[in-house]
Amino acid sequence: SFFLQFLDFVPKVRDDTGTLREPSELKVLHFGSTAERNLCLACLSTSLFYWYNIVNSDCRNLNKREVVNFPIPDKVPDETTKLLSRHLRTLMQNYQDNSIMRTVNYAGKGSVTVQYFNFRPAKPIIDELDSALAKHYGFTDEELDFILNYDIKYRMGGGEEEE
């Protein structure tokens, strides 16, 4: 719950017959180009967007308004776009590599096997996305540090421990 799921693939969900089906909460965004998609996916995958969502939402549900209203930089140089694309490939692979399939049995409805993700190992990659985008948002070093470390002990699993 301390990470949001923005993926360039559909998570696997299988019903009790083993048939693949779409996740019930899947929302698809469409873009005019791969570059636009990658820029938006990079921005939505950041700790900046996590913070934005916490500040502007009910902290429980991810709503269309938070996604639509989040400012995406208009012009990003080609070298930044290429860097973001490399980080995104690494991030999506990290998500896949750190996922497991879990089966849940529902009384009277059978079982569903769902791909679950452990996002914590991806935090350094997410930090790279935030760092690459920081200058396009006009962040100072202090502001970037705030974003990178926002809710860090809870997001990384140390919420019960002293700092």
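Is lysine 27 buried or exposed, and at what relative accessibility? Lysine 27 counts as exposed, at 63% relative accessibility; exposed means over 50% relative accessible area, buried under 20% and partly exposed in between, with a 1.4 Å probe and protein chains only. The structure is a predicted model, in which local features need pLDDT of at least 70 and side-chain atom pairs count only at pLDDT 80 or more, while totals for chains, interfaces and linings use all residues. Residues are numbered from 1 along each chain as its sequence is written, and side-chain values use heavy atoms, with hydrogens and water left out.

**Figure 1. Overview of the protein.** The protein has 7 helices and 3 strands; helices (H or I, at least four residues) and strands (E, at least two) are DSSP runs numbered from the N terminus. Along the sequence these elements follow the pattern β-α-α-α-α-β-β-α-α-α. The C-alpha trace spans about 55 × 45 × 30 Å along its principal axes. Of the 163 residues, 36% are buried. Contact means heavy atoms within 4.5 Å. Among contacts between residues at least 6 apart in sequence, 67% join residues at least 24 apart.

**Figure 2. Salt bridge between glutamate 25 and lysine 27.** A salt bridge is a side-chain nitrogen of Lys or Arg within 4 Å of a carboxyl oxygen of Asp or Glu, and a search of the whole structure finds 3 of them. In the one shown here, the closest N and O atoms of glutamate 25 and lysine 27 are 3.9 Å apart. Glutamate 25 is exposed, with a relative accessible area of 65%, and lysine 27 is exposed at 63%.

**Figure 3. Salt bridge between arginine 65 and glutamate 66.** The side chains of these two residues meet at 3.0 Å, N to O. Glutamate 66 is buried, with a relative accessible area of 1%.

Figure 4. Lysine 123 pairs with aspartate 127, and their closest N and O atoms are 2.4 Å apart. The two residues are separated by about one helical turn because they lie 4 residues apart in helix 5. Lysine 123 counts as buried, at 3% relative accessibility.

**Figure 5. Packing of helix 5 and helix 6.** Two packed helices are described by the angle between their axes and the distance between the axes. Here the axes are lines fitted to C-alpha atoms, for helices over the stretch in contact, and angles run from 0 to 180 degrees between N-to-C directions. The axes of helix 5 and helix 6 come within 10 Å and cross at roughly 155 degrees. Helix 5 and helix 6 are therefore roughly antiparallel; angles under 35 degrees count as roughly parallel, over 145 as roughly antiparallel, 65 to 115 as roughly perpendicular and the rest as oblique. Lys123, Asp127, Asp130, Ser131 and Ala134 of helix 5 make the contact with Leu144, Ile147 and Leu148 of helix 6. By class, this contact has 4 nonpolar, 1 polar and 3 charged residues; Ala, Val, Leu, Ile, Met, Phe, Trp, Tyr, Cys and Pro count as nonpolar, Asp, Glu, Lys and Arg as charged, and the others, Gly among them, as polar.

**Figure 6. Packing of helix 1 and helix 5.** The axes of helix 1 and helix 5 are 10 Å apart, at an angle of about 105 degrees, so the two helices are roughly perpendicular to each other. Leu39, Ala42 and Cys43 in helix 1 meet Leu129, Leu133 and Tyr137 in helix 5. This contact has 6 nonpolar residues, no polar and no charged.

**Figure 7. Buried residues of helix 1 and helix 2.** In helix 1, the buried residues are Asn38, Leu39, Cys40, Leu41, Ala42, Cys43 and Leu44, and they pack against helix 2, helix 3, helix 4 (78-97) and helix 5. In helix 2 (residues 47-56), Ser47, Leu48, Phe49, Tyr50, Tyr52 and Asn53 are buried. Their packing partners are helix 1 (34-44), helix 3 (64-69), helix 5 (123-137), helix 6 (141-149) and helix 7 (152-155).

**Figure 8. Two loop residues with positive phi.** Most residues other than glycine have a negative phi. Cysteine 59 is not a glycine, yet has a positive phi of about 65 degrees; cysteine 59 is in the loop between helix 2 and helix 3. Aspartate 151, also not a glycine, has a positive phi of about 60 degrees and is in the loop between helix 6 and helix 7. Aspartate 151 counts as partly exposed, at 23% relative accessibility.
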